Amino acid sequence: MEGIDSSEVSVSDRREEQPIQDASLPLPAAFLEFLSENGLDPAVYSMAATIPRYIRLKPGMESQIAEIEGELKCGLHKVPWLPGFYAIPPEIQIAGSKAYQQGKIYGIDASSGAAILALDVRPGDHVLDLCAAPGAKLCMLADMLGSTGSLTGVDVAKHRLAACRTMLQKYSLGDRTRLFVADGTLFSLLPVDSSLRRVEGSTDLEGNENTFSEWTSRRSWKDRQRAKKANATGLQHLQATSEPELIYYGKHSGLVGLCKSDVLCPSADDAACTSGYDKVLVDAECTHDGSVKHIQKFEFWGWKTLDRRVLDAERTDNLLQLQLRLLTNGFKLLKTGGSLVYSTCSLTVAQNENVVQKFLSTHPLADLQKIDLSDSWPCRSGGIPKTLRFDPATSQTSGLFVAKFSKLPT
């Protein structure tokens, strides 16, 4: 992105309570200053009306495209470089349609779809989504995985992960999935070991409380009392020292019949090299400045909310540390020879290239990989060779940075 022309915008002369009009979107002075400091062109936020909304069609629904077009009252334009994706006008709302409610389509930006394709998920893979909420990427991963392997989703916010659970159930994609409320920088549970002993007769829904029975939304009396106590003491969010909380697992996720103590045992430091995940997605928390539609929301939320969520210097510093720690832990859980994709929807160098450089400087077994599929993608190279950047001007998508790593043998 090009920097701001100082002859056009003088940040120091503007006040926060008098937003500056930039094309169709008013941008406050503090945000313009943030863009200037990061060498970003504010014109990107005037492109909201030209960026399509993207949807992914659930596999097997291709014969119903005409019906879905009738419901949405618009054409579905196939995205030629991204299988299963369609572009629709940006003003179209899908949530009220039968196609959405019946689990035939879901919204996901094309750039996010590209990041998932970069993982090259294969049948039988054990896949980890370390920042799973709000769930669209998790659904796409589950679709790609099919009827083999396993998918583990992790998020620190229980209510957001519960929404992921709802999505998986809605689209009938949760069969091989397990969801953990956990701090992604500390999560240490590996895929289910097929050699673990199963307890005979444990598929009974009432089963042994120390053994995984088939998952049910009904909670035991002990679970209800534990939740009640947590609410009474204000413990709404997971503490860093808490054990991961398993809030969902599918019938074929590998857990049914196993002892909980075996499955929920933290891994040894070197165990992941041979028993870790084949593929890991770290779509890290960021300032979301690359998502034009996200920035648009602050017109309604209020620009002071943007100040708190995006521009606060202390929060930004904490984010950079969080991103590096998420990437580091995701790599730790990766099997030797496996692949990890790191992405953010920020356009800044600090949250992308700088994080990658810091990570590579301390992880000699991390090998930055070229994403071969990108040869046919409408994106550009990032500031580091082999990394990619999507943006509204280049890609007709939201902004996204993508880097892919493999884990070398010791």
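Tutor: Start just after helix H6, where Ser-172 takes a positive phi of about 55°. Helices (H or I, at least four residues) and strands (E, at least two) are DSSP runs, numbered from the N terminus. This is a predicted model: local features need pLDDT of at least 70, side-chain atom pairs count only at pLDDT 80 or more, and totals for chains, interfaces and linings use all residues. Residues are numbered from 1 along each chain as its sequence is written, and side-chain values use heavy atoms, with hydrogens and water left out.

Student: How many residues does H6 have, and what does it reach from first C-alpha to last?

Tutor: H6 covers residues 158-170, which is 13 residues. It reaches 18 Å, close to the 18 Å expected at 1.5 Å a residue. The expected span is 1.5 Å times one less than the number of residues.

Student: Which residues of H6 are buried?

Tutor: Leu-161, Ala-162, Cys-164, Met-167 and Leu-168. Buried means under 20% relative accessible area, exposed over 50%, partly exposed in between (1.4 Å probe, protein chains only).

Student: Is Met-144 buried or partly exposed?

Tutor: Partly exposed, at 22% relative accessible area.

Student: Salt bridges next. How many?

Tutor: The count is 11 salt bridges. The rule is a side-chain nitrogen of Lys or Arg within 4 Å of a carboxyl oxygen of Asp or Glu. One of them pairs Asp-283 with Lys-137, with the closest N and O atoms 3.0 Å apart. Asp-283 sits in strand E11 (residues 277-283) and Lys-137 in H5, so this pair links distant parts of the chain, 146 residues apart.

Student: Where do those two stand on accessibility, buried or exposed?

Tutor: Asp-283 counts as buried, at 16% relative accessibility. Lys-137 is also buried, at 12%.

Student: What does Asp-278 pair with?

Tutor: Lys-335, at 3.2 Å between the closest N and O atoms. Asp-278 lies in E11 and Lys-335 in strand E12 (residues 334-344), so the bridge ties together parts 57 residues apart in sequence. Asp-278 is buried, with a relative accessible area of 15%. Lys-335 is partly exposed, at 23%.

Student: Which residues are linked in a network of salt bridges?

Tutor: Lys-370, Asp-372 and Asp-375. Within it, the side chains of Lys-370 and Asp-375 meet at 3.0 Å, N to O. Lys-370 is partly exposed, at 41% relative accessible area. Asp-375 counts as exposed, at 62%.

Student: Switching to cysteines. How many disulfides?

Tutor: A search of the whole structure finds 0. A disulfide is a pair of cysteine sulfur atoms within 2.5 Å.

Student: Zoom out. What about the whole chain?

Tutor: There are 15 helices and 16 strands. Of the 410 residues, 50% count as buried. The chain exposes about 19,400 Å², and carbon and sulfur atoms supply 50% of that. Those areas come from the Shrake-Rupley method with a 1.4 Å probe; for residues, only the protein chains shown count as cover. Among contacts with a separation of 6 or more, 73% join residues 24 or more positions apart.

Student: What about the pLDDT?

Tutor: pLDDT is the predictor's confidence in each residue, from 0 to 100. The chain's mean is 85, and 83% of its residues reach 70 or more.

Student: Where does it stay under 50?

Tutor: Residues 202-207 are one such stretch, with 13 contacts in the model beyond four places in sequence. Residues 234-241 are also below 50, with 9 contacts beyond near neighbours in sequence. Where pLDDT is low, the predicted coordinates should not be read in detail.

Terms used
Contact means heavy atoms within 4.5 Å.
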